[in-house]
Amino acid sequence: ATGSVPERPALLRTRRLTHARLTDDSLLPPTDRLTCIGPSWVTLIVGVLAVVGAQWGDEGKGKITDWLAADVGTVVRGQGGSNAGHTVVIDGVSHKLHLLPSGILRSEVLAIAGAGMVIDPEQLLAELEQLGDSRGKLLISERAHVVMPYHRLLDGAEERAKEGGAAGTTGKGIGPAYGDRATRFGIRMGDLLEPQTLRERLERVVPRTQALLDYYGTGDRLELEQLYDLAAGWGRTLKGCIGNASLAIAERLDRGVLLEGAQGVHIDIDHGIYPFVTSSSPTPAGMAQGAGIAPGLIDRVVGVTKAYVTRVGTGPFPTELEDATGEHMRDVGGEFGTTTGRPRRCGWLDMVMLEHSQRICGFSELAITKLDVLGGLDKIRVCTAYETPHGRLEHFPASMTLLAECTPIYETLAGWPALSPAEWQAAAAVDSLPVEVNDFITFLTSRLGVPAGLLSFGPDREATLRLR
Ligand code: GDP
Ligand code: IMO
Ligand code: MG
């Protein structure tokens with residue numbers, strides 16, 4: 001099957017069929033797009049695909065990444081840091097990843113942490129340890145920035161200083177680390193391997209950071225020598241896995257590359273609910289930039305969305321439910337932060353949010369997760385526009401004052417029964433999902449103009465259905 005695709009030099013190739021599992025030749029499509037599934041199924045995987053959070057994060061990107069990673073040789077994180085919490089459940093065993101790309105759980109995959117990431121080596125080493133030291137399967141960009149202990153101190157101090165305006169950060173030092181990167185006070189992973197450079201960088205940044213901590217009155221004292229010893233030690237331990245990530249990705253394009261998004265479009269630094277956002281760009285553009293891959297090489301963009309919405313952190317949330325239905329979502333969906341354990345705020349699916357995400361990301365397909373969680377609810381509501389004191393709003397606003405004034409306009413759909421994981425699996429196997437689920441998916445996909453490629457009805461790897 002791969003022979004039917006004309007060969008071009010690797011770096012010029014923009015669309016490429018890397019892998020075909022074929023049971024019926026007649027189903028082979030004229031292009032290399034995702035095609036179909038059924039008991040006899042065909043999967044065509046294109047060169048580069050991006051898995052993007054379409055909401056406020058925690059959509060199930062880890063699970064979807066792990067599932068799609070079966071068909072690629074490389075999984076890359078291009079942005080974010082240990083603020084991410086990606087859960088992958090394999091045969092009932094739950095793996096929680098913060099810095100390591102989820103692909104690391106697949107034996108044949110090389111996991112790459114790209115230049116756009118901010119990496120806390122302490123956290124990274126702890127995660128590697130948990131997986132039985134997977135250093136051999138990991139490449140970290142020499143250009144990625146280091147999250148130093150003082151970034152965490154600053155994160156806490158700045159959040160406290162903002163009081164009501166705080167974003168409710170994860171406290172992992174993400175904003176201060178990206179801040180140092182932007183103001184060119186940052187330390188890069190490659191600097192850990194050059195003692196002289198590392199010392200010079202620290203001599204520049206430590207007095208400035210101390211002054212900031214003093215300004216916030218935290219009482220913390222930074223010791224340059226201690227920080228130097230710590231960072232140089234990280235360098236010695238991680239030396240073998242720090243290198244040129246962009247080049248490694250380019251060399252592995254023909255085996256398929258998956259860009260694993262962290263966070264979600266609505267906490268993007270540019271397009272999210274500023275200032276309640278994270279400090280990177282969890283969009284395909286941001287992920288390509290952070291990975292060091294030409295954006296035009298991305299073939300498929302999988303937008304991951306829950307069948308409802310959750311938010312961990314502060315800021316306006318138009319469809320938020322502070323009632324029994326919201327409780328149902330939190331309890332049945334286990335909606336507690338993977339990184340911080342905080343209860344997630346829950347609400348109905350919001351198409352205004354998704355339209356904003358689709359415009360910025362250009363999803364080629366959706367992965368709709370947590371369908372099982374809505375099972376047993378009488379009615380399902382979907383927000384299609386906002387009512388405001390200034391009139392009806394079809395598009396997500398930039399102003400947080402306006403967003404706080406938005407009242408959702410809902411369409412009501414029929415609910416579907418609560419099914420056990422085995423019942424979902426059985427229904428999926430014979431293509432007989434409850435009719436109400438079909439109606440919900442059709443409503444969502446036709447409104448958005450994006451097909452559903454994957455449905456998820458449980459945390460486990462197996463609880464996933466690929467659609468025609
Ligand atoms: P991520 O940050 O986007 O990777 O998502 P998280 O891992 O933070 O949160 C998603 C949570 O939902 C995890 O606990 C997953 O195991 C779980 N999950 C993913 N998909 C489904 C699904 O379809 N149904 C249920 N019930 N849980 C799911
Ligand atoms: P994954 O990859 C959900 C939120 C925080 C806070 C804001 C800024 O698991 O989907 P930060 O620590 O980044 O400076 O916090 O962003 N946030 C997330 N929310 N999922 C995430 O990652 C998040 N990463 C950051 O709660 O409101
Ligand atoms: Mg998460």
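**Entry 1: strand S21 and its partners**

I started at Leu454 in strand S21, and its bridge partner turned out to be Ala367. This is a predicted model, so I keep that in mind for everything below. Next I looked up how the strands around that pair run. Strand S17 (residues 365-369) and S21 pair in the parallel sense, over three bridges. On to strand S22 (residues 464-466): S21 pairs with S22 too, in the antiparallel sense and over three bridges. There, I found Leu455 standing opposite Leu465.

How many residues of S21 (residues 452-456) are buried? I got five of the five, so the strand is largely enclosed by the rest of the structure.

A reminder to myself from class: in a regular strand the side chains alternate between the two faces of the sheet.

**Entry 2: Thr305**

Thr305 itself sits in strand S13 (residues 300-306). Buried or exposed? Thr305 is buried, and its relative accessible area is 0%. I also noted a polar contact: the side chain of Thr305 reaches the side chain of Gln55 at 2.9 Å.

**Entry 3: the magnesium ion**

Which residues coordinate the magnesium ion (ligand 3)? I found Asp58, through OD, and Gly85, through O, at 2.0 to 2.2 Å. Asp58 is in the loop between strand S3 (48-53) and helix H1 (61-68), while Gly85 is in the loop between strand S4 (74-77) and strand S5 (86-90), so the pair ties together parts that are 27 residues apart in sequence. I checked Gly85 for burial as well: the cut-off is under 20% relative accessible area, and Gly85 has 10%, so Gly85 counts as buried.

**Entry 4: helix H2**

I went through helix H2 (residues 121-130) looking for buried residues and got Pro121, Gln123, Leu124, Glu127 and Leu128. Why do I say they share a side? They cover an arc of only 155 degrees around the axis, which puts them on the same side of H2. On the face turned away from the buried side, I found the exposed residues Glu129 and Gln130.

What covers the buried residues of H2? My list includes helix H6 (224-238) and the strands S6 (93-97), S8 (118-119), S9 (138-141) and S10 (145-146).

I then looked at both ends. Just after H2 comes Gly132, which has a positive phi of about 75 degrees.

- Asp91 is not a glycine, yet its phi is positive, about 50 degrees. Asp91 is in the loop between S5 and S6, and at 66% relative accessibility it counts as exposed.
- Lys370 is not a glycine either, and its phi is positive at about 65 degrees. I located Lys370 in the loop between S17 and strand S18 (379-388).
- Tyr274 and Pro275 are joined by a cis peptide bond, with omega about 10 degrees. Pro275 is in the loop between S12 and H8.

**Entry 5: Ser279**

I looked up Ser279 next, in the loop between strand S12 (257-260) and helix H8 (284-291). Ser279 has 23% relative accessibility, so I put it down as partly exposed. Beyond neighbours within four places in sequence, Ser279 is in contact with Gly175, Tyr178 and Ile269. I also checked Gly81: Ser279 and Gly81 are 198 residues apart in sequence, but 9.9 Å apart in space, C-alpha to C-alpha.

**Entry 6: the whole protein**

Last, the totals. I counted 13 helices and 22 strands. The protein has 468 residues, and 57% of them count as buried. Taking contacts between residues at least 6 apart in sequence, I found that 74% join residues at least 24 apart. The protein exposes about 18800 Å², and carbon and sulfur atoms supply 52% of that.

Notes. Residues numbered from 1 in each chain as written. Chains lettered and ligands numbered in written order. Predicted model: local features only at pLDDT ≥ 70, side-chain atom pairs only at ≥ 80, totals over all residues. Heavy atoms only, no water. Donors = N, O, S within 2.8 Å, 3.2 Å for Na, K, Ca; no water. Helix = DSSP H or I, 4+ residues; strand = E, 2+ residues; numbered from the N terminus. Buried < 20%, exposed > 50% of the residue type's maximum accessible area, 1.4 Å probe, protein only. Arc of directions from axis to C-beta. Contact = heavy atoms within 4.5 Å. Pairing = 2+ DSSP bridges. Areas by Shrake-Rupley, 256 points an atom, 1.4 Å probe, with all protein chains shown as cover. Polar contact = N/O pair within 3.5 Å; in protein donor to acceptor, adjacent residues only side chain to side chain.
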